[in-house]
Amino acid sequence: MDAVQFWIDGLNPARTDVFSQLYSVLVFDPNEAVVQPVPNIDPSQGRFVGGVQFEYYSFSNSGLVAYIAVDDAYRGKGVGRKLMQTAFETLQKQAEQRKRTTPPPEAYNKVETAISWISRDTDEKMIKQLATHFTEEDIPYLLPAQSEGDASSTVAPPLRMMFAETHRLGAKDNAFDPATRHKVLSKIGYGMLDFDFVQPPLDDDAAPCADLLLLAYSNDALKTPDGQYSAFTAAIKLWILEYMYSCHFDWDEISKQVYAKHMLASLSSKPPTITLNCDCPTWTRRTVLPEA
């Protein structure tokens, strides 16, 4: 979690440089004078205490925390955890609004039909391209449980996951020491997903970044009977594909990228579920990309 001065521009609720739906939750103390102004926010609301900005990816029904910051004077008071809970609940409500008719029976044994239902898309080329990344064994992890009821009934797929990215140990981070950031993110509910994650290039001048770890928020939906948390590998892959598309806007281009092939191969080598590693001192993994 960062100091507010590092991300004050990123927390601007008027940002337009994102592909997905963007949400901001900002907290102010009306009893304290403004220390750090927030763009487009009336200063009469008081001192900026903290905020979180996050994105909703409708295709994969998942979220990604872009920024979270808390004023130094308000740390250790549960502000960060409350911001995360609010972000998750906001994303849950958004997911619940995406009700649709239940999947057709053939979706449970044909990958292309399952992808078509998930995406609500009739673009056959896009569906075929996405379907190449999944198998019939993945379908139960992508669709809601098959219903024997009326085919016209509706279902609201639950929010799959709320992700966050953080620098690996030893990586350069101008805002925060990675080890300290890991400790804070673990404390507010995040666990590491153990695979070779690579952040897509976020603009035309950027390169893929292998210095980051991917985390997932350990909500009740991911809790296992033994008290751990696990995520469906197929659902992670679905979000990864949407995340990459938000950067490239071209499925053919994604298929050519060395980083994309490496990351998807890493996920495909995993079992159907990946246990969240919530023990932050062991977040020591490092992704090494092959030569182009």
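The following legends describe close-up views of a predicted model.

View 1. Six strands form an open sheet in the order E1-E2-E3-E6-E8-E7, and the pairing is mixed. Strand E1 (21–29) and strand E7 (190–192) stand at the edges with a single partner strand each, so one side of each has no neighbour in the sheet. On average, neighbouring strands of this sheet are turned by 30° against each other, direction ignored. Strands of a sheet pair through backbone hydrogen bonds, in either the parallel or the antiparallel sense.

**View 2. Strand E6 between its two partners.** Strand E3 (residues 62–70) and strand E6 (residues 162–167) run parallel and are joined by 3 bridges. Within this pairing, valine 65 has alanine 164 in E6 as its bridge partner. With strand E8 (residues 212–217), E6 pairs in the antiparallel sense over 5 bridges. Here glutamate 165 has leucine 214 in E8 as its bridge partner.

View 3. E1 and strand E2 (residues 47–57) run antiparallel and are joined by 9 bridges. Tyrosine 23 stands opposite phenylalanine 54 in E2. The ring centres of tyrosine 23 and phenylalanine 54 are 5.6 Å apart and the ring planes are at 10°, so the pair is stacked. Because tyrosine 23 lies in strand E1 and phenylalanine 54 in strand E2, the pair ties together parts that are 31 residues apart in sequence. Phenylalanine 54 has 0% relative accessibility and therefore counts as buried.

View 4. Helix H2 (residues 79–96) lies across E1, E2, E3, E6, E7 and E8, and runs at about 35° to E2. Helix H7 lies across E2, E3, E6 and E8, running at about 100° to E2.

**View 5. The largest nonpolar core.** This core has 48 residues, and those with the most contacts inside it are Leu193, Phe195, Ile236, Ile240 and Met244. At least two residues of the core are supplied by each of helix H3 (111–119), helix H4 (124–131), helix H5 (139–142), E8, helix H7 (233–248), helix H8 (251–256) and helix H9 (258–268). H7 gives the most, with 9 residues. Leaving aside neighbours within four places in sequence, isoleucine 236 is in contact with Met161, Phe163, Leu193, Phe195, Ala231, Leu267 and Ile274. A second, separate core has 28 residues, including Tyr74, Val79, Leu185 and Leu213.

**View 6. Surroundings of phenylalanine 195.** The rings of phenylalanine 195 and phenylalanine 197 have their centres 6.3 Å apart and their planes at 75°, so this pair is edge-to-face. Phenylalanine 195 counts as buried at 1% relative accessibility, and phenylalanine 197 is likewise buried, with a relative accessible area of 1%. Serine 266, found in helix H9, touches Phe195 and Asp196, not counting residues up to four places away in sequence. At 11% relative accessibility, serine 266 falls under the 20% limit and counts as buried.

**View 7. An aromatic cluster and two charges over rings.** Tyr57, Phe163, Trp239 and Tyr243 form one aromatic cluster. Lysine 77 lies over the face of tyrosine 74, at 5.4 Å from the ring centre. In a further arrangement, the charged end of lysine 237 sits over the ring of phenylalanine 134, 5.5 Å from its centre.

Terms used. Residues numbered from 1 in each chain as written. Predicted model: local features only at pLDDT ≥ 70, side-chain atom pairs only at ≥ 80, totals over all residues. Heavy atoms only, no water. Pairing = 2+ DSSP bridges. Helix = DSSP H or I, 4+ residues; strand = E, 2+ residues; numbered from the N terminus. Core = buried A, V, L, I, M, F, W, Y, C linked by side-chain atoms within 4.5 Å. Buried < 20%, exposed > 50% of the residue type's maximum accessible area, 1.4 Å probe, protein only. Contact = heavy atoms within 4.5 Å. Axes fitted to C-alpha atoms, helices over the stretch in contact; angles between N-to-C directions. Phe/Tyr/Trp six-rings, centres within 6.5 Å; stacked < 30°, edge-to-face > 60°. Lys NZ or Arg CZ within 6 Å of the ring centre and 35° of its normal.
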